[in-house]
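My entries follow in the order I made them.

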Amino acid sequence: MFLRKPSFVLTFFISLNMGFAQEQPPVPASIPAAVQENPVSVASTPEDAKEIIRRALDVDRRNFALARNYTYQEKQEVRAFDKHNSTKHRQSETHDLTILYDEPYSRLIEKNDKPLSAKDEKKEQEKLDKFIARHKNENQKEKQKRLAQMEKDRREERAFAADIINAYDFRLDGQEQIDGRDVYVIAANPRKDFHPTQPHADVLPKLRGKIWVDQKDYDWVKIEAESIDTITWGLFLARIHKGSHFLFEQTCVNDEIWLPRRVSVNASARLALFLNGGFDFESSYSKYKKFVASGRLLPGSVEAEPAKK
């Protein structure tokens, strides 16, 4: 989907769709009735949990096309803590995200829960004007090249899914209910014999996870993750320490698609050489609206509500 990835951690975490694994009770001996009626065969073996994850990844590909019909707002908030765990810095930004010229576009609309100053508003308008001018004047060859690059990026994401499947031992740990929906609970523990084939997939063995998958739609409902080793990203860019936690939650919108509701990171880390300590990051998503016109520049839209419980 076209959701903006605000940091390297979230880029990695959302694309992985992996979570935090804990010690769980034995796998139930019976096959859930809801699964018996489903084309995907699920029994009480690790392979069956793997098939659930495989199907969830397939559903995610379908969601990509549907997600391009939705706009939304995203609020990002970062809090940094000193060695006494007292807040020493807090900053938030709210962005409005849409699709312009078949490409995701983000516009800053608030800083620290306040409307933009006249100076910042002018910068955002100038940024939008430049974006429109650049795309409005592009020829067909330039447009095809731009769209081809976007498709290439998406293919790489899909290829990454194969490494996810091979990187973990998945275990079906029963069923729960979240917001009134029946979900499978699946634990994911790194395989020692995993050999990454895609860029950045070498980070996979450094996470263990717990995943909640909707039994009806086979979409991700919630993912929790814990780093079990230090994660380094880029040359001195970031260093996430062992024991950091991640959370990814989705909600069903318009009874047709699952879209992110919240992403959070609680970590002890060094970021870009200027922060060495604890920090919390949270990104919340709201005001999903679906296009009701084919135009992408100034589309008509109606707000889409999450599915009722």
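Is Tyr-288 buried or exposed? I looked up its relative accessible area, which is 5%, so Tyr-288 is buried. I note here that the model is predicted.

**Aromatic pairs**

I searched the whole structure and got five aromatic pairs.

I then turned to Tyr-168 and Phe-170. Their ring centres lie 6.0 Å apart with the planes at 45 degrees, so this pair is tilted. Both residues are buried.

**Ser-283**

I checked strand E13 again for Ser-283, which has its place there. Its relative accessible area is 0%, so Ser-283 is buried. What does the side chain of Ser-283 contact? I found a polar contact with the side chain of Glu-74, at 2.5 Å.

**Charges over rings**

I looked up two cases. The charged end of Arg-55 sits over the ring of Tyr-218, at 4.3 Å from the ring centre. Lys-127 lies over the face of Tyr-105, and here the distance to the ring centre is 5.5 Å.

**Helix H4**

I took H4 as residues 118–136, which is 19 residues. From first C-alpha to last, H4 reaches 27 Å, close to the 27 Å expected at 1.5 Å a residue. Which residues of H4 are buried? I listed Asp-120, Glu-124, Leu-128, Phe-131 and His-135. They are on the same side of H4, because they cover an arc of only 75 degrees around the axis. An α-helix has 3.6 residues a turn, so residues three or four places apart point the same way.

I asked what covers the buried residues of H4. The cover includes strand E2 (87–100), strand E3 (103–111) and helix H5 (140–167). On the face of H4 turned away from the buried side I noted the exposed residues Ala-118, Lys-119, Lys-122, Lys-130 and Lys-136.

How values were computed. Residues are numbered from 1 along each chain as its sequence is written. This is a predicted model: local features need pLDDT of at least 70, side-chain atom pairs count only at pLDDT 80 or more; totals for chains, interfaces and linings use all residues. Side-chain values use heavy atoms; hydrogens and water are left out. Helices (H or I, at least four residues) and strands (E, at least two) are DSSP runs, numbered from the N terminus. The expected span of a helix is 1.5 Å times one less than its number of residues. Buried means under 20% relative accessible area, exposed over 50%, partly exposed in between (1.4 Å probe, protein chains only). The arc is that of the directions from the helix axis to the C-beta atoms. Contact means heavy atoms within 4.5 Å. Rings of Phe, Tyr and Trp (its six-membered ring) pair if their centres lie within 6.5 Å; planes under 30 degrees apart count as stacked, over 60 as edge-to-face and the rest as tilted. A charge sits over a ring if NZ of Lys or CZ of Arg is within 6 Å of the ring centre and within 35 degrees of the ring normal. A polar contact is a pair of N or O atoms within 3.5 Å; within protein, one must be able to donate a hydrogen and the other to accept it, and residues adjacent in sequence count only if both atoms are side-chain atoms.
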